[in-house]
Amino acid sequence: MIASDVTLGEKVVIPHPELVTSFGCRIGGGCRIASFVEFPRGVVLGKHVTVEAFAFIPPGVTLEDGAFLGPHVCFTNARYPRAGSDDGQRLGSDDWQVVSTLVKRGAAIGANATIVCGVTIGEGAMVGAGSTITRDVPARSLVLGSPGRVVVPRRGAGSEVR
């Protein structure tokens, strides 16, 4: 369901809008959104972003123009998430601070990668499938593993790794 408070750019492709949940977010023109993705309040997608099925994108995440998220990519947005306080009281959304994450222009994140909050994925960078990113990723680099480590610099956004 695409709520009425979503800012939706032109020519956004959502093949199954009944299988996408979005409210209070901004989705730029030319984006492609697969099924079973949620975009809550505070999420921002630039133009021509591709989000594959089952990606988890919480408040505080910004995806710049041309970013790509593979299936099952997972972002976090709290450094110390907890359901209850020390005295056993249930915590609400006002009881913790959202920590922002930025995915810069043309960056690509492979399937099943986990992106811990507070990092920046640099322009044209590529995060390998299954990687866990706990710190900033330099522009135009390939990062693999858990925790993610730079394997090789890339020659430019969209180029093959050599």
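Modeller: What follows takes the aromatic pair, then the surface patch around it, then the salt bridges. The model is predicted.

The count of aromatic pairs comes to 1. The rings of F36 and F54 have their centres 4.9 Å apart and their planes at 15°. Planes under 30 degrees apart count as stacked, so the pair of F36 and F54 is stacked. F36 sits in the loop between β4 (32–33) and β5 (37–39). F54 is in the loop between β7 (50–51) and β8 (61–63), so the pair ties together parts that are 18 residues apart in sequence.

F36 has a relative accessible area of 45% and is partly exposed. F54, at 43% relative accessibility, also counts as partly exposed. Together with L19, both phenylalanines form a nonpolar patch on the surface. The accessible area of L19, F36 and F54 together is about 270 Å².

Now the charged pairs. Side chains of opposite charge can pair when their charged atoms come close. The structure holds 3 salt bridges.

One of them joins the side chains of D5 and R41, at 3.1 Å from N to O. This pair links distant parts of the chain, 36 residues apart: D5 is in the segment before β1 (7–8), and R41 is in the loop between β5 and β6 (44–45). D5 has 37% relative accessibility and counts as partly exposed. R41 is partly exposed too, with a relative accessible area of 49%.

Another salt bridge is formed by D65 and R105, whose closest N and O atoms are 3.6 Å apart. Here again distant parts of the chain are linked: D65 lies in the loop between β8 and β9 (68–69), R105 in the loop between β11 (101–103) and β12 (108–109), and the two are 40 residues apart. The relative accessible area of D65 is 28%, which makes this residue partly exposed. R105 is partly exposed at 46%.

There is also a salt bridge between the side chains of D86 and R82, with 3.0 Å from N to O. D86 has 75% relative accessibility and counts as exposed, while R82, at 42%, counts as partly exposed.

Technical notes:
Residues numbered from 1 in each chain as written. Predicted model: local features only at pLDDT ≥ 70, side-chain atom pairs only at ≥ 80, totals over all residues. Heavy atoms only, no water. Patch = residues over 30% accessible without salt bridge, like charges linked within 9 Å, V, L, I, M, F, W, Y side chains within 5 Å. Areas by Shrake-Rupley, 256 points an atom, 1.4 Å probe, with all protein chains shown as cover. Salt bridge = Lys/Arg side-chain N within 4 Å of Asp/Glu carboxyl O. Helix = DSSP H or I, 4+ residues; strand = E, 2+ residues; numbered from the N terminus. Buried < 20%, exposed > 50% of the residue type's maximum accessible area, 1.4 Å probe, protein only. Phe/Tyr/Trp six-rings, centres within 6.5 Å; stacked < 30°, edge-to-face > 60°.
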